[in-house]
Amino acid sequence: MIYLLLGLVLLVVFIAMMRQFVQANPARLAQSIRTYGGIFLMILAGVFAVTGRFALAIPAFGFGLSLLGLAGLRNLSGYNPQKTAGQQSQVRSAMVEMELDHDTGALSGTVLAGSFQGRRLDDLADDELQTFWQEAHQDDQSLKLVEAYLDRRLAGWREDFEADATDRERGASSSGPMTDEEAYQILGLSPDAGDAEIRAAHRRLMMRVHPDQGGSGFLAAKINEAKDTLLRRH
């Protein structure tokens, strides 16, 4: 009877893990394996204890508890104080407002000025993006944001776009020091965020946009500036 019960538990755990395997990304899958493995060992320890096999129950309980840990308990409850689902960072310039999704790393934006004012960058055709890219040359920060978006959306866009503008000069404009409000928006934090949250958001975003990972050097610089701005004021 005990082995039949143990077999049923194994079957349930196996089905749950297969569902997680289909739906989860690798990081979540690894966490799920630890969580369900810990649950199984805790149940197994209980079975051993009921049958009087305490020499096996104690190590199984200890190992199961170590697999679960606090991370496993957070996973079961759905609570994670480190990160909020759907969190976004925002970077705004004179001509475009860009958003970076913390969960997926997707970059999107809204045109604030120019021929395509009010439209989403995702809705612009390639030739419209080229026109907006040319318009963005009047503001250096807007240009860099648009180019960061193009790097993610269109492979080889530089050769295609710059072939028509080889003699165009970029006007360098200074936007002045970053404000606290801008820094909080870039890191996707609320004004009451502490130093630990600022550093955690900075690390998380740098993993998304660092040039070594195919990201944008300009966005990486803005994220670094936001962290430095807020930590200097705390």
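Angles under 35 degrees count as roughly parallel, over 145 as roughly antiparallel, 65 to 115 as roughly perpendicular and the rest as oblique.

**Ground rules.** I am working from a predicted model, where local features need pLDDT of at least 70, side-chain atom pairs count only at pLDDT 80 or more, and totals for chains, interfaces and linings use all residues. Residues are numbered from 1 along each chain as its sequence is written, and side-chain values use heavy atoms, with hydrogens and water left out.

**Entry 1: helices 8 and 9.** I looked up how helix 8 (residues 195-209) sits against helix 9 and found an angle of about 175°, with the axes 10 Å apart. (Helices are DSSP runs of H or I with at least four residues, strands are runs of E with at least two, and both are numbered from the N terminus; axes are lines fitted to C-alpha atoms, for helices over the stretch in contact, and angles run from 0 to 180 degrees between N-to-C directions.) Helix 8 and helix 9 are therefore roughly antiparallel to each other. Among the residues making the contact (heavy atoms within 4.5 Å) I noted Ile 198, His 202 and Leu 205 of helix 8, and Ile 223, Lys 227 and Leu 230 of helix 9.

**Entry 2: helices 7 and 9.** Next I checked helix 7 (residues 180-187): its axis comes within 9 Å of that of helix 9 (residues 217-233), and the two cross at roughly 125°. That makes helix 7 oblique to helix 9. On the helix 7 side, the contact includes Ala 183, Tyr 184 and Leu 187, while helix 9 brings residues including Ile 223, Lys 227 and Leu 230.

Entry 3: I then turned to the strands and found 3 of them in an open sheet, ordered 1-2-3 with antiparallel pairing. (Two strands pair if DSSP finds at least two bridges between them.) Strand 1 (88-92) and strand 3 (107-111) are the edges, each pairing on one side only. The twist averages 20° from one strand to the next. Helix 5 (residues 140-153) packs on this sheet and touches strands 1, 2 and 3, its direction making about 40° with that of strand 2.

**Entry 4: strand 1 up close.** A hairpin of 3 residues links strand 1 to strand 2, and 5 bridges join the pair. I found Val 91 opposite Met 98, and Glu 97 as the bridge partner of Arg 92.
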